Amino acid sequence: MKAKILQRVLAEAKQVNAAFFNLRTVISLDPEDDASNFYFMMLPNDGAMAHLTLVGSLYIPEEYPEAPPVVRLYTPTRRYNVDVFRHNYMSKTRSTMCFDILRSQAHGGTWKPEYTLSCLFASLMSAIVSFYVAQEYGGELPEYVTMEKLESVKSEAEKTYRKYKSRLPPVPRVPLIEATAVPAIPLFEPQELIAGHPEMLTSKPILLQTGSDEVYSFAVDLSRLHKDVVFSVVLSNSLTDLVGRQKSTILVRNGVTATAGRKRADQNMMWFYHGKPMNDGEMMLHVTIGRDQMTFAYYEDDRLYVHGDCPVSRLSAEDIGDVRGVPFYVHVYTRNKKGKPGEPVRIDILDIAGEGYIHESADGEGSKDYGIELVKPENVREVAVVKEERGEAVEWDDVLMGGMSGLKLD
């Protein structure tokens, strides 16, 4: 590789690592190869692979940047467009994923010489966590994550990481957005639920878009969930329609597989992946509605963090239509697919102690979105400005260079 191109690639890799808060990607040189080959780790914050470490390699061809990098993802995801060419995982001429940005315009793709590795990985991350898969002949098809698939995805991710761990830098912690505590009115009294008995717990009616600071909240212990238990939270103007079958239904929902949805009146349901699967360990979830947002927060290290890269939905007139004066209800839906009476699964509604948790900036200037939702890979053109991280800064020079600082450019 020419020295000028190598310098560009190293600078772009450093930019990716410095933007970890947004891109959730780490790039490092392959310790057993030349300077044209890199390893990368991607740590999604939404969907079936949320907080898992996806491992792959990045080959820079001699024609770069006229030609795009060759990206080989080693971690099986069980998503068709992501895994379709996995048999090419050792190839230096073809990527394992089927996305337009991995092909140059001369070969029918969207890659341009002015694109960078930051653009590339922003696009790939968006595609990996998107519910809809763009089709070659136009349009999109949904790609569902089943509860049965979750176990396989997690197992394969852990197995692949162990295989390549010795060649990778330490895995950084996924940057989390702390939720902000606000006074809240409880939606449910503390109580014990048995999954599926009853299937639905419904709150009293609440009003949205009131212009007040009033919020409603409830907390739930999901630590006993397993792959056979269905759990979802639905905010709807309907007492019975939980999936948006009726034209008049307006709803926002999120479920155990991290499959979320929103629907406006007279429009179709729009699905996406949000947060991490709710049956993934000791999940303590806090759901808060008000101030034009429905926010899911969960405990980690004795703090509450926003579930996923942004709230499940804004509840403003711009987002869900003008619903002033319309009563809405919060439904907690549960089902035990095994349904055996001798194997009840307990779900505890907790005392919120008068507090809810919303997605709000630390400086009090109002809520902000930190992530990208439903962005098509071909529409990603630049990376958002890196946002200030809380806590200690990561010395990405150390992670990226790994001996690269002494590399001779000739």
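This note walks through a predicted model point by point.

1. **Ground rules.** The model is predicted, so local features need pLDDT of at least 70 and side-chain atom pairs count only at pLDDT 80 or more, while totals for chains, interfaces and linings use all residues. Residues are numbered from 1 along each chain as its sequence is written, and side-chain values use heavy atoms, with hydrogens and water left out.

2. **Helix α1.** Start with α1, which covers residues 3-18. Helices here are DSSP runs (H or I, at least four residues), strands are runs of E of at least two, and both are numbered from the N terminus. The expected span is 1.5 Å times one less than the number of residues. For the 16 residues of α1 that gives 22 Å, and the end C-alpha atoms are 22 Å apart, which agrees.

3. **One face of α1.** Which residues of α1 are buried? They are Ile5, Leu6, Val9, Leu10, Glu12, Ala13, Val16 and Asn17. Buried means under 20% relative accessible area, exposed means over 50%, and partly exposed lies in between (1.4 Å probe, protein chains only). Seen down the axis, the buried residues of α1 fall within an arc of 165°, so they line one face of the helix. The arc is that of the directions from the helix axis to the C-beta atoms. An α-helix has 3.6 residues a turn, so residues three or four places apart point the same way.

4. **Helix α5.** This helix has 18 residues. From first C-alpha to last, α5 reaches 27 Å, close to the 26 Å expected. Its buried residues are Met147, Lys149, Leu150, Val153, Ala157, Thr160, Tyr161 and Tyr164. They cover an arc of only 135° around the axis, which puts them on the same side of α5. On the other side of α5, Lys159, Arg162 and Lys163 are exposed.

5. Met125 is found in helix α4. At 10% relative accessibility, Met125 counts as buried. Met125 and Leu43 are 82 residues apart in sequence. In space, their C-alpha atoms are 8.8 Å apart.

6. **Aromatic rings.** A pair of aromatic rings is described by the distance of the centres and the angle of the planes. Here, rings of Phe, Tyr and Trp (its six-membered ring) pair if their centres lie within 6.5 Å; planes under 30 degrees apart count as stacked, over 60 as edge-to-face and the rest as tilted. The count comes to eleven aromatic pairs. One of them is Phe131 with Tyr144, which is edge-to-face: 5.0 Å centre to centre, with 90° between the planes. The pair links distant parts of the chain, 13 residues apart. Phe131 sits in the loop between α4 (117-128) and β5 (132-134), and Tyr144 in the loop between β6 (140-142) and α5 (147-164). Phe131 is buried, with a relative accessible area of 0%. Phe131, Tyr132, Tyr144, Trp271 and Tyr273 form one aromatic cluster.

7. **The largest pocket.** A 1 Å grid is laid over the protein atoms alone: a cavity is a set of points where a 1.4 Å probe fits but cannot get out, a pocket is an open set with protein on both sides within 12 Å along at least five of seven lines, and lining residues have an atom within 4 Å of a point. Grid points are joined across faces, edges and corners, and a volume is the space filled by probe spheres set on the points. The largest pocket holds about 430 Å³ of space. It has 19 lining residues, and the closest to its centre are Thr93, Arg94, Ser95, Leu102 and Arg103. By class, the lining has eleven nonpolar, four polar and four charged residues. Ala, Val, Leu, Ile, Met, Phe, Trp, Tyr, Cys and Pro count as nonpolar, Asp, Glu, Lys and Arg as charged, and the others, Gly among them, as polar.

8. **Cavities.** The structure holds two cavities of 30 Å³ or more. The second largest cavity has a volume of about 40 Å³. Among the residues that line it are Asp46, Met49, Arg79 and Tyr273.

9. Most residues other than glycine have a negative phi, and most peptide bonds are trans. The bond from Tyr64 to Pro65 is cis, with omega near 5°. The bond from His197 to Pro198 is also cis, with omega near -5°. Arg291 is not a glycine, yet has a positive phi of about 55°. Arg291 lies in the loop between β17 (284-290) and β18 (293-300).
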